[in-house]
Amino acid sequence: MAGYITYWPREQVKNLQKARDNGPIQVILGSIHTKMPSISSVKVGDVIYPVTLEDGMLVVMARLPVEKVESAFEYLLRETGERNGALVPEGIAMEEKSQRSKDIITYATASGLVTRKEELPDGIYIEPLREPIPHLCHQEPFNCCAETAASGKHGSSIGPRPVPREMIPALRFGPVKSKQKPLKINAKGELTTVSIAGFVRKMSDETQKLFDSLFGDDSILL
């Protein structure tokens, strides 16, 4: 059971606050962009901790034990009824809403978008429109091109859990034990966005124990 951190920018945290989304957290989405980094290395049984920065302080927002890993496209259609910017798998066209025609679709080809069903190549499946499904704010990607969804039914509430500043030097991250390193800090001794954003980081066993200790009281809300 490996532990990972992924970065939530302040805009995402504010979106959750505005929506009063206190969880429990059900999914963490990864994209092909560094703003919402890839979670392709995460496996069933691992634990993901979304984190953010507030005034140079590392804040753990939630804890999600991963029970299922699938394409974001499949997860979002099933749980929200909409694609919500997820990458569409090859060979699938999306039926679109249109006031002028009910035959409008979207299918990407090397030469551009196909928007008429009769122009589709052979063998393409058309994903029909679905009714929106009620869901929580964090179940939608906050960035485009969502690729992977890691979900579970035993996630924590969503809320700020600051890591004491004196514990920051003891945190270690890296793909294997021999390459685990502390997070980089600036001249003021504070963490910066660059130190934790951009990609998912695997944590040491000791670091994971420290993170888990922040969840003794899971009644924290936004």
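Trainee: How many nonpolar, polar and charged residues are in the lining of the largest pocket?

Mentor: This is a predicted model. By class, the lining has 8 nonpolar, 4 polar and 5 charged residues.

Trainee: Which residues lie closest to the centre of the largest pocket?

Mentor: F173, P182, S195, F199 and R201 do, out of 17 lining residues. Helix 3 (193–196) and strand 13 (201–202) each give two or more residues to that lining. The space inside comes to about 370 Å³.

Trainee: Which residues lie nearest the centre of the second largest pocket?

Mentor: G81, E82, R83, E95 and L129, among 15 lining residues. Its lining has 5 nonpolar, 2 polar and 8 charged residues. About 290 Å³ of space lies there.

Trainee: Why is the pair K117 and E95 called a salt bridge?

Mentor: Set the distance against the cut-off. The N to O distance is 3.2 Å. The rule asks for a Lys or Arg side-chain nitrogen within 4 Å of an Asp or Glu carboxyl oxygen, so the pair qualifies.

Trainee: What does the pair tie together?

Mentor: K117 sits in the loop between strand 9 (112–116) and strand 10 (125–127), and E95 in strand 7 (residues 92–95), so the contact links parts 22 residues apart in sequence.

Trainee: How do you know whether E95 is buried or exposed?

Mentor: Its relative accessibility is 18%. Buried means under 20%, so E95 is buried. K117 has 28%, so K117 is partly exposed.

Trainee: What makes E70 and K68 a salt bridge?

Mentor: Their closest N and O atoms are 4.0 Å apart. The cut-off is within 4 Å, so the pair is counted. E70 is buried at 9% relative accessible area, whereas K68 is partly exposed at 40%.

Trainee: How far apart are the closest N and O atoms of R78 and E79?

Mentor: They are 3.0 Å apart, and the pair forms a salt bridge. R78 is at 34% relative accessibility and E79 at 26%.

Trainee: How many salt bridges does the rule give?

Mentor: The count comes to 8.

Note on methods: Residues are numbered from 1 along each chain as its sequence is written. This is a predicted model: local features need pLDDT of at least 70, side-chain atom pairs count only at pLDDT 80 or more; totals for chains, interfaces and linings use all residues. Side-chain values use heavy atoms; hydrogens and water are left out. On a 1 Å grid over the protein atoms alone, a cavity is a set of points where a 1.4 Å probe fits but cannot get out, and a pocket is an open set with protein on both sides within 12 Å along at least five of seven lines; lining residues have an atom within 4 Å of a point. Grid points are joined across faces, edges and corners, and a volume is the space filled by probe spheres set on the points. Helices (H or I, at least four residues) and strands (E, at least two) are DSSP runs, numbered from the N terminus. Ala, Val, Leu, Ile, Met, Phe, Trp, Tyr, Cys and Pro count as nonpolar, Asp, Glu, Lys and Arg as charged, and the others, Gly among them, as polar. Buried means under 20% relative accessible area, exposed over 50%, partly exposed in between (1.4 Å probe, protein chains only).
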